[in-house]
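I set out to record what I looked up in this structure, one topic at a time.

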Amino acid sequence: MITFIIGLVILFVGAAVYGAICEKVFGPDDRQTPAYSKQDGVDYVPMPKWKNMLINLLNIAGTGPIFGPIQGILFGPIAFITIPIGNIIGGAMHDYFSGMICLRDGGSQMSSMIHKYSNKGIYRIYNVFVCLLLLLVGAVFIYTPGDIAATGIFGFDGAATSVSTWVIYGAIFVYYLIATVFPIDAIIGKIYPIFGAILLFAGLFVKGYPLLNLWDNWQAPAFAAFQTAADGSTAAFSYGEYFANGHFLPVFFVTVACGILSGFHSTQTAIISRTVKSEKEGRMTFYNMMVLEGFIAMVWAGAAMGIFNAGLQAANAGATSTVIKVCKDILGPVGGVIALVGIVVLPITSGDTALRGLRLTVAETLHIDQSTKGKRLSLSAVIFALVAVILVFAKFNNEGFQILWRYFAWSNQTLSLFAFLAITVWMFENGKGKYAWMPMIPGGFYCFICSTYIANAKIGFNIPWTYAYIIGVVAAVAYVGVIIWYGRKRAAAHTLQH
């Protein structure tokens, strides 16, 4: 438990310090924001800070900060330290600068930001990745809430061959198709991310779940943690063995996507940039909401380890069943179901946004007319068909969800590299080149993570780990070097023009 508490201190104290540094580097002022200068009553609308905060949190917090930490905590208590550090210097910084640059550039969207601060080639590659990511987000955010609803709320078996499973998936599909400006889940979706996390946080201490510390013996069976074999037999689970054999770098940082860093967030903060009333609200709206997501991730990592160590759940039982077990054990049958409803709502509120964004991105890139409902439905049908194919594969394949999650997470992290690139170039063009290390440290690290992972992955290049690590290092060095060179070149050209 002590390591868990240390991690929370790192998260909140670090966020206060580094958040202030990020704010000072950007330099928010009293200039008129796009919410006023471009006010149109539709997209550009001044909104209260509290509302922007909640909407942004609702948009970015799906099942990522829940399912990722549950799988990542198998690497041991080191997760309690890496999640907050990564969140502070990576994810929250990424969200803050992405949102603030789009805000200062007139409420531009992320694709416009990438186009402005890179070149046409990078912009085209970005469009491919953002489409891939949004497609996977749509699939993941049907699969995860569908399974939780089926097994945790309605009491079905959630099997791939059960009609009930596909009826629930179908209901979410229909909702995504007809989602409007005021979705039916708006109220509970805004409340749960904070309320649910606080309840679970309190439950960790009330229940007294045993948590492993960094200085404990990871190799020994931690308390009563166990794993279940295919034949139903059980065996002790060792975090130390999992850490030693699981390739912590890069697998952990691909698995724990949203609680540490999420490229998807940049597409959402850009939307909020059109409704912020003052640049000085950006730190709370963008930076601190990502920190709150980090808190949610920490709570779920702790709850998962606690329930594993208490012998109430097998460590390899799967994220969905672990979520259900944690909620019902901590909050009781009724409270657990209420919490599960909130967890179902979270990804749905992100999934509908992702699929709408995918349709708009494809239409803009391929110049597809979307002026009528029929044309919008036609393009949506193609997109939904692709999502359905991914969903069927993930459900019927024994390792389908793990494959889906890892590639969703990989594309998510890879997308962030484009944002770090744009942030760095923006800094150079605006006389802040001495702070380029801020986006380049997480950018270079995640270039190594993403390159190494895809080089080794079976559905990637299937290269042995030794060579995959070499490729990752080379890619990271090249990424940092080229961006700094390009940023300085753009800064020099910018100076000549002015």
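This is a predicted model: local features need pLDDT of at least 70, side-chain atom pairs count only at pLDDT 80 or more; totals for chains, interfaces and linings use all residues.

The entries below follow the order in which I looked things up.

**Entry 1**

**Entry 1. Salt bridges**

I began by asking how many salt bridges the structure holds. The count is nine. I recall the general point that side chains of opposite charge can pair when their charged atoms come close.

I looked up Glu429 and Arg490, whose side chains meet in a salt bridge at 2.8 Å, N to O. Glu429 belongs to helix H16 (residues 400–429) and Arg490 to helix H18 (residues 465–497), so this pair ties together parts that are 61 residues apart in sequence. Are these two residues buried or exposed? I found both Glu429 and Arg490 to be buried.

I then noted that salt bridges with shared partners join Asp29, Arg31, Arg104 and Glu279 into one network. Within this group I looked up the pair of Arg31 and Asp29, a salt bridge whose closest N and O atoms are 2.8 Å apart. Arg31 has a relative accessibility of 42% and counts as partly exposed. Asp29, at 25%, also counts as partly exposed.

The next pair I looked up was Asp105 with Lys116, whose side chains form a salt bridge at 3.5 Å, N to O. Asp105 sits in the loop between helix H5 (79–104) and helix H6 (110–116), while Lys116 is in helix H6, so the pair ties together parts that are eleven residues apart in sequence. I recorded a relative accessible area of 24% for Asp105, which is partly exposed. For Lys116 I recorded 43%, and this residue too is partly exposed.

**Entry 2. Helix H4 against helix H16**

I turned to helix packing, where two packed helices are described by the angle between their axes and the distance between the axes. How do the axes of H4 and H16 cross, and at what angle? The axes of helix H4 (residues 64–72) and H16 come within 12 Å and cross at roughly 115°. That angle makes H4 roughly perpendicular to H16. The crossing of H4 past H16 is left-handed.

I listed the residues that meet here: Gly64, Phe67, Gly68 and Gln71 on the side of H4, and Phe401, Gln402 and Trp405 on the side of H16.

**Entry 3. Helix H1 against helix H5**

I then looked up helix H1 (residues 2–26) and H5, whose axes come within 9 Å and cross at roughly 25°. H1 is therefore roughly parallel to H5, given that angles under 35 degrees count as such. I recorded the passage of H1 by H5 as a right-handed crossing. The contact of H1 with H5 divides into 20 nonpolar, four polar and two charged residues.

**Entry 4. Backbone geometry**

I looked up the peptide bond from Leu249 to Pro250 and found it to be cis, with omega near 15°. Pro250 lies in helix H11 (residues 248–255).

I next asked where His367 is placed. His367 is in the loop between helix H14 (319–366) and helix H15 (373–396). Its phi is positive, at about 55°, although His367 is not a glycine. With a relative accessibility of 72%, His367 counts as exposed.

I also noted Asn462, a residue other than glycine with a positive phi near 55°. Asn462 is found in the loop between helix H17 (437–456) and H18.

Which residues is Ala422 in contact with, leaving aside its neighbours within four places in sequence? I found Met113, Ile114 and Tyr117. Ala422 and Met113 are 309 residues apart in sequence, yet their C-alpha atoms are 7.0 Å apart in space.

Note on methods: Residues are numbered from 1 along each chain as its sequence is written. Side-chain values use heavy atoms; hydrogens and water are left out. A salt bridge is a side-chain nitrogen of Lys or Arg within 4 Å of a carboxyl oxygen of Asp or Glu. Buried means under 20% relative accessible area, exposed over 50%, partly exposed in between (1.4 Å probe, protein chains only). Helices (H or I, at least four residues) and strands (E, at least two) are DSSP runs, numbered from the N terminus. Axes are lines fitted to C-alpha atoms, for helices over the stretch in contact, and angles run from 0 to 180 degrees between N-to-C directions. Angles under 35 degrees count as roughly parallel, over 145 as roughly antiparallel, 65 to 115 as roughly perpendicular and the rest as oblique. A crossing is left-handed if the near helix is turned anticlockwise from the far one by less than a right angle, and right-handed if clockwise. Contact means heavy atoms within 4.5 Å. Ala, Val, Leu, Ile, Met, Phe, Trp, Tyr, Cys and Pro count as nonpolar, Asp, Glu, Lys and Arg as charged, and the others, Gly among them, as polar.
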